[in-house]
Amino acid sequence: MSTPPGETTFYPEVEQSDRLGVWSGKSVPRKEDKRLLKGQGAFVDDLWMHRQGHVHFVRSPHAHARIVSIDVSRAEALPGVYATLTGEEVGELQQPFFQMAPEPAGLMKDYCMAVGKARYMGEPVVAVLAESAELARDAAALVEVVYEPLEVVVDGIATIEPQAPVLHEEIGSNVAWHGVYDYGDVDWALENADHVVRIDRLHFHRFSSTPLETTGALVNWDPGTGVVEFRSNNQMPMFAAMFIGPAIGLGIDHMQFSSQDIGGGFGIKITSYTYLTALALLSRKAGRPVKWSESRWEHLAASAHGNERTFLDIEVPVMSDGTILGFKVRAFDDAGAYLRYEPLGAVIWAQVVPGNYRFKHVRVDYTETLTNKCPVGPNRGYSRLQHLWLIERIVDIVAKELNFDRVALRALNYVQPEEFPYETPNGCIYDSGDYPAMLEQVLELIDYEGALKRKLESAGSGKRIGIGIGSTLDSGTNNFGQSRIINSALPFSGNGEAAVVRLDLYGEITVTIGTSPQGQGHETTAAQVTADILGCSPDLVHVAAGYNKAANTYVGFSGTYASQFAVTGLGAVMGAAEQLRGEIVKVGACMLGAEESDIELADGFVRLAANPEAAIPFIGIAATVFANVAELPGELADSVTLNCRYVYRPPFTVPDHETKRGKLTLTYASQVHAAVVEVDDETGQVTILAYAAVDECGRKVNPKIVEGQVHGATGHGIGAALYESFEYDADGQLLNSTFADYHAATSLDVPHIATGEIECPSPFTPNGAKGMGEGGGAPLSTIASAIEDALPEGAHIVFDSHNNSERVYDLLRSAALGGPRGVEVISR
Amino acid sequence: MIVSGEMSVAVGREELWAVLSDPQRLAQALPGVSDVTIEDEQHFSAVAHPFTALGETPVALEFEIVEVRAGEFVAIAATGSAGENLLTLTLSLELASTADGTTASWRAEVGLRGVLASLLQRGLAELLREQVDAVLCAAAAISTADRG
Amino acid sequence: MATEGATVHAIDLTVNGVAHSTTVPARRLLVHFIRETLGLRGTHIGCDTGNCGACSVICDGQLIKSCMMLAVQADGCEIETIESLGEGPDGLDPIQEAFKEHHGLQCGYCTPGIVLNAKTLLAENPHPSEAEIRRALKGNICRCTGYVNIIRSIEAAAGAQGA
Amino acid sequence: MLLAATEYVRPASLEEALTALRANTGARVLAGGQTLINVLKHRAASVDLLVDVSRLAELRFIDVAADGSAVIGAATTYAELERSAELRGAQPLIGEVAAGTVDRQVRVRGTIGGNACFADPSSNYPPLLVALEASMEIAGESGTRSVPASEFFLGLYRTAVGPGELLRAITLPALDGAGVGYRSLQIAADSWALARAVAWVRTAAGSPRTIEAVRVVLGCVAGAPVRAGATEELLAGGPASEQAVSAAAALAGEGLQPPSDVHASSSYRREMTAVMAKRALLDAIGGAS
């Protein structure tokens, strides 16, 4: 299959494989499941090394404090304590971590533990190593730290006011990054629109997907070889290496990373490199392997949070027929105390500038700031879900204020099916999709008509019915060149993943990939596509579990993140499998005395298409190449290895720093969600009566796995919309640092999720698939939309992405109280 | 967190003030404390042992009498540490004479730092009210005893 | 494991049919005893407040959270962990089969606790409604699946049981 | 997760347990441990000696008398309360509340006595026990003393159980046709309570029926359960009508200073207390005969 005409203007033509379809496309049960179901998984806390010590971190109770003195003598005197490591020592042993921000924020000195100053509650100040975890904690309690508390700033906007305390003196302010993204001509649009809808403020709250397995590692600095072994659950090891190596003077050849099973990541486990660094230094100092398992409160207070973003002065030009021309907004993104993946979030959202819509004129004045809160890191839907939530809020508010039907307004403004591939105002290419069809399907799934009736009948019953819609994009396969938009000096562009597919000594097919899965079923899907290409059963394909730098292949972008495995990971596997297929065919043809064109691969045999009886099993091919090679002609023997490595490279160019334009991601999976909620008029409690999600992610390799990802992302979004929010008090104290107060959604909170699907193969990927899994935070938009729909006339707009009972109660009351509603319309 | 309250006790304003502004006697009025050390007429320390079904949480407290206005006003600052957690408290008491004794109006700014900030957020205000009331009762009793 | 001089207590208990007579310090949690002392790593730890249920095991036939019980309290008890299900190193019992068939797990971290929850639930109530399954699962947090396929898997296992 | 060093003893009798508690002021009762062990994990409180009473038959029983009154051992688990058929008949709310407590794992180990002695403002049982006029049997050196539930809960995490004592049993008077309503506003579908009200109502015949006696007890608003006096006064002797209930319930929570936390402000808790009081009263009237 080749790409239809007209699309080559966007990307060079892509050859798509015609071998897929026997195994890929089917819901093959997962290879991973047996070990996980039997408790045989190898998670990081299950690992053990001879002579290992256990680590406990002493953490700052202050959100902002100068460290006056640290006394570890009483802790070190405790029998069974091996060593301690203080921030002071770290200051000497570590170079500050590499910063992606341009100056002045790029001057930030970030270390693996607090050096001189603690900047958020829970920041590690001292590490204690002891013979047992209990003892390490006992000893940690004996460490005496004298702090001089400093003024605290927790507000992501107030933090840039001149009177705010500066977190990092070397930067001189709390601004991490500022830039204006200006596409089309928003001023013209505002002058010429029939209506301008002005929204004062929208706030996207701080939360985390909180993987059930917390962060942990077993690290050993081998004094003999100087190699540091990191057995961890970091989900982007090669990214971690880029920070750890220069910081403590290790070449990549002296760092070994591995993980087998990871208990969920969702992006939160990308920035654990700071802890890995501290553990490496402690291991070197103690001359022992060191093991650390984060407690839940440590995870909630001091691993990573999702980005909090506030949108101010939103102006939306709308024509009288409902056409929305675009919007203008000032965005303030709160990165917390350090930049550990940031300021990439300041550009990642630009992958989806107009959301699912045909907006032509968009201006975003974007400021990322620093506060005395836990540093942020990528969290499922990273940086796009905040922006997509803003867009869906805009569409709902415009519909309500100008009396358009919310469904019709979406259908009108959506990018239309015939417009794909569609170029956005900033030069991104939406590969394929059919949003109106998805909207239609999702409304059927929640019985939209029935819900409208129910809404009418419910009037005056004390239970208000609301219907919500949320459309999102799941942009996949990053062009890391977008990092140049925030810092032109950064040496990154493109993307890629590597795989090796091998026909092994006794006929086994083995696959290794550079990815570090956390439940996405890579072993299964990689086996499916390999089986298709080599004409055998997936059962014959062994895919190495987890990440292992020494044993597997990798590239600089290796890891599992950002909705891309189906394209980059499987693209690499397919390329390697095709190479291996070519070699098997060559050898088979030679052994059968036939032309390569007469050969077919089936059931693990190389055979003559015309005469299936004439067949050689894979083991025959392997045995010949590896152990009977003299039977092969020299030039053939020299040219085959049966050990094929392939690096998949998406066809990216470098985006433009000045215009901030470029192709930022390769694929655009999409989801449209809808919900029917019931709001208790007396309490503000929200109950979800019906929920549905329709997804489109190109050609699916394993539909059940895809549906599972849709369920999971939806569960996270519903939890965040109603129950999960990190709240800090004015002192910078996190008020939900346990699962008792950070209410992770339970089986009673997440309703049944009806799912539907459509398929629009991507013309730009080797298998027609699109990366997916993040879901774009659709439920946050959907629930906000549904709550707003349930509110009485004259109520304030739904202005926050988190709506607990009290906030909904206040919104319900706002109608009666009168007063500003947070929105105004100027009509010409 | 700001917490305030009011309490009337059946002792004279002057006597009550005399106890509240004197480290020696104020320390005696603190419920269930041990290891009281008087440093000077502004500073003293003690360890509190609140008894609950869940065990004790010994809190090492440092007190400072930061401001006094003879007979009518006392402001006390305290910092405490309990394991990995810190407590900060500034308490000001305004005393007014009434027909049958004294009314103490108090206002406190209290903060917790560490995991207890989360675990104890529902209890902190209540806990403080209980403690202040207990101190005022005890102080009243002490002043009565000292007088009689 | 260090006992730091604290008194150790003798305990006799059966875990997955194997009798153990040993000593533990009072402060040792049952979950740590199972994971560290016995080396049964299928029982997981996901929180420190007893909310997540990853440490769920069966104690004398009832589902409990092994992070809220001291090892010394398990003296005389019969404990079953995930390692007791399914024949040999590769065998899956019907509930585990149902989870595999219906994609009832992703990262697999909460899975052992959830499978044991399902096992005790179906023992008490062979044909639970969706509402009953949801109520039973409340003490086991899953962050990957949104619970949908977990419930499907348990319903399927119940169906298979009935047949 | 990692507890500080502590000691442990599992007494064979109530007497032994009391002796152990008397011998060590740092000793605490360990029953189900579903709260205490979590507190110890965070090292938020220290206990020198854990006295494990979870297996004491003397503390683990349910006796329901013919007249419907009941005595419940303090170490009786939620699961046992949930399963008890006699309780379901005589004191239905006890089992219903147990069935709704946390989750099935916790219900297997957690105990009604532990819930009462922990005395957290959001604990399930304290307001119910006060509304039912339960009496709390406290065992100590000089035998057992009986304390009315209304005097048992002293404040945040504090009860009438003193050093060297433990709660032995809870005695519940017969309902005698009184109706009981129990309403909570919870975080999410079924988590912590933000506001809670329990109503006990005895009605007299008539149309509408009149309210002969009423007790309304509020949880989550103060260190200990609070009687909604104004609400009770307004209702007592009056009609058991929806209007009367709404008017009276509106007074519940007045003048109280409920705690604020990340989930709910003080004022919201106060307003929700009135809503829960109204709903609990209507349930109670509906259940009264």
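Domain bounds, as I use them today, come from an automatic or database domain assignment. Keep that in mind, and keep in mind that this is a predicted model.

Let's start with chain A. The assignment divides chain A into domain 1 (44-150 + 215-293), domain 2 (183-208 + 304-481 + 655-827) and domain 3 (496-543 + 560-648). How far apart are the centres of domain 1 and domain 2 of chain A? Taken over C-alpha atoms, they are separated by 37 Å. These two domains do touch: 18 residues of domain 1 of chain A and 23 residues of domain 2 of chain A take part in the contact. Look at the domain 1 side. By class, it has 10 nonpolar, six polar and two charged residues.

Now one residue, Leu300(A). You will find Leu300(A) in helix α8, residues 296-302 of chain A. Is Leu300(A) buried or exposed? The cut-off for buried is 20 or more other C-beta atoms within 10 Å. Leu300(A) has 27 within that distance, so it is buried. Which residues does it contact, leaving aside neighbours within four places in sequence? They are Leu734(A), Asn736(A), Ser737(A), Thr738(A) and Tyr742(A). For contrast, take Asp532(A). Asp532(A) is 232 residues from Leu300(A) along the chain, and their C-alpha atoms are 43 Å apart.

Next, the nonpolar cores. In soluble globular proteins, nonpolar side chains tend to be buried together. The largest core here has 449 residues. Among its members, those touching the most other members are Val128(A), Leu279(A), Val573(A), Ile787(A), Ala199(D), Ala277(D) and Leu281(D). Helix α16 of chain A, residues 565-592, gives the most to this core: 13 residues. There is also a second, separate core, with 29 residues. Ala18(B), Leu20(B), Ala46(B) and Ala78(B) are included in that one.

Back to Val128(A) for a moment. Not counting residues up to four places away in sequence, Val128(A) touches several others, including Val55(A), His56(A), Val58(A) and Ala75(A). Val81(A), Thr84(A) and Val143(A) are also among the residues it touches.

On to a sheet in chain A. Strands of a sheet pair through backbone hydrogen bonds, either parallel or antiparallel. In what order do the three strands of this open sheet run? The order is β23-β24-β25, and the pairing is antiparallel. The edge strands are β23 (599-602) and β25 (615-617) of chain A, each pairing on one side only. From one strand to the next, the twist averages 20°. Zoom in on β23(A) and β24(A), where β24 covers residues 605-608: their antiparallel pairing has four bridges. One residue pair to find on your screen: Glu600(A) has Arg607(A), in β24(A), as its bridge partner. A helix also packs on this sheet. That is α17 of chain A, residues 618-627, which touches β24 and β25 of chain A. The direction of α17 makes about 70° with that of β25(A).

Now chain C. Its domain assignment gives domain 1 (8-84) and domain 2 (94-162). The C-alpha centres of these two domains of chain C lie 22 Å apart. In the contact between them, 15 residues of domain 1 of chain C meet 11 residues of domain 2 of chain C. On the domain 1 side, β3 (56-59) and β4 (62-65) of chain C each supply at least two residues. The largest share, three residues, comes from β3(C). By class, that domain 1 side has seven nonpolar, eight polar and no charged residues.

Last, the chains together. Which two chains share the most contacts? Of the five pairs of chains in contact, it is A and C. Here 47 residues of chain C are in contact with 50 residues of chain A. On the chain C side, α2 (94-101), α3 (111-124), α4 (130-137) and α5 (148-162) each supply at least two residues. The largest share of that side is four residues, from α2(C). Sorted by class, the chain C side has 21 nonpolar, 14 polar and 12 charged residues.

Chain D also meets chain A: 17 residues from chain D and 19 residues from chain A. On the chain D side, helix α12, residues 266-287 of chain D, gives the largest share, three residues. That side divides into 12 nonpolar, three polar and two charged residues.

One pair to finish. Chain B and chain C do not touch, and their nearest C-alpha atoms are 10 Å apart.

Technical notes. Residues numbered from 1 in each chain as written. Chains lettered and ligands numbered in written order. Predicted model: local features only at pLDDT ≥ 70, side-chain atom pairs only at ≥ 80, totals over all residues. Contact = placed C-beta atoms within 7 Å. Buried ≥ 20, exposed ≤ 12 C-beta atoms within 10 Å, placed from the backbone. Nonpolar A, V, L, I, M, F, W, Y, C, P; charged D, E, K, R; others polar. Core = buried A, V, L, I, M, F, W, Y, C linked by C-beta atoms within 7 Å. Pairing = 2+ DSSP bridges. Axes fitted to C-alpha atoms, helices over the stretch in contact; angles between N-to-C directions.
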